[in-house]
Amino acid sequence: MTDELTLILEIAPPVPFTCANATGIEKGAILKMTDPRTASLADGDTDIVAGIAASEKIASDGNTTVPIYRQGWFKVKASGNTTAGDALITAASTGGTNQVATAAVNSENIIGIALETATVGETFLMELKNVVMNLA
């Protein structure tokens with residue numbers, strides 16, 4: 001996997017989410033959420049974000065939980081131009097695995113807020129804030 005996020009400042013400890021035993025997850029991967037409180041790799045734009053994997057989960061290791069950060073400051077990779085203060089979304093299908101983009105439409109599933117300005121492909125600091133918000 002590429003472009004894993006790097007924890008810079010831990011604001012809250014990771015919390016456990018359910019995951020499939022057969023799933024392999026890299027530390028620092030952006031994870032999407034499904035019901036009930038289940039995490040898997042984010043693979044689309046505007047996924048509902050569970051958080052960021054706090055440790056590696058080996059595929060078929062018998063474990064069915066993964067620790068996830070739901071708050072913190074992380075270094076991320078921009079799939080497009082981003083300005084400090086922008087709301088950010090997942091951009092797995094258009095930018096690349098574990099990349100983020102500036103939110104642009106109503107009711108986006110926000111992963112966080114840009115703390116720095118960045119251009120395409122540049123890494124920058126993001127505050128993880130999992131929310132759904134109306135950007136109208």
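Me: Why is Glu116 called partly exposed?

Reply: Glu116 has a relative accessible area of 30%. Buried means under 20%, exposed over 50%, and partly exposed in between (1.4 Å probe, protein chains only). The value for Glu116 falls in between, so the residue is partly exposed. This is a predicted model: local features need pLDDT of at least 70, side-chain atom pairs count only at pLDDT 80 or more, and totals for chains, interfaces and linings use all residues. Residues are numbered from 1 along each chain as its sequence is written, and side-chain values use heavy atoms, leaving out hydrogens and water.

Me: What makes Lys75 and Glu116 a salt bridge?

Reply: Their side chains come to 3.4 Å, N to O. A salt bridge needs a side-chain nitrogen of Lys or Arg within 4 Å of a carboxyl oxygen of Asp or Glu, so this pair qualifies. Lys75 lies in strand β7 and Glu116 in the loop between β10 and β11, so the pair ties together parts 41 residues apart in sequence. Strands are DSSP runs (E, at least two residues), numbered from the N terminus. Lys75 is also partly exposed, at 30%.

Me: How many salt bridges are there by this rule?

Reply: The count comes to four. One of them joins Asp43 and Lys32, with the closest N and O atoms 2.8 Å apart. Because Asp43 lies in the loop between β4 (38-41) and β5 while Lys32 is in strand β3, the pair links parts 11 residues apart in sequence. Another pairs Lys57 with Asp61 (2.9 Å, N to O).

Me: Which residues is Lys32 in contact with?

Reply: Contact means heavy atoms within 4.5 Å. Leaving aside neighbours within four places in sequence, the partners of Lys32 include Thr38, Leu41, Asp43, Asp47 and Val49. Lys32 itself sits in strand β3 (residues 30-34).

Me: What makes a set of residues a nonpolar core?

Reply: The members are buried Ala, Val, Leu, Ile, Met, Phe, Trp, Tyr and Cys residues joined through side-chain atoms within 4.5 Å. The largest such core here has 18 residues, and Val100, Ile111, Phe124 and Met126 have the most contacts inside it. Strands β5 (49-53), β7 (71-78), β10 (108-114) and β11 (123-133) each supply at least two residues of this core. A second, separate core of 10 residues includes Ile25, Ala29, Ala39 and Ala50.

Conventions
Helices (H or I, at least four residues) and strands (E, at least two) are DSSP runs, numbered from the N terminus.
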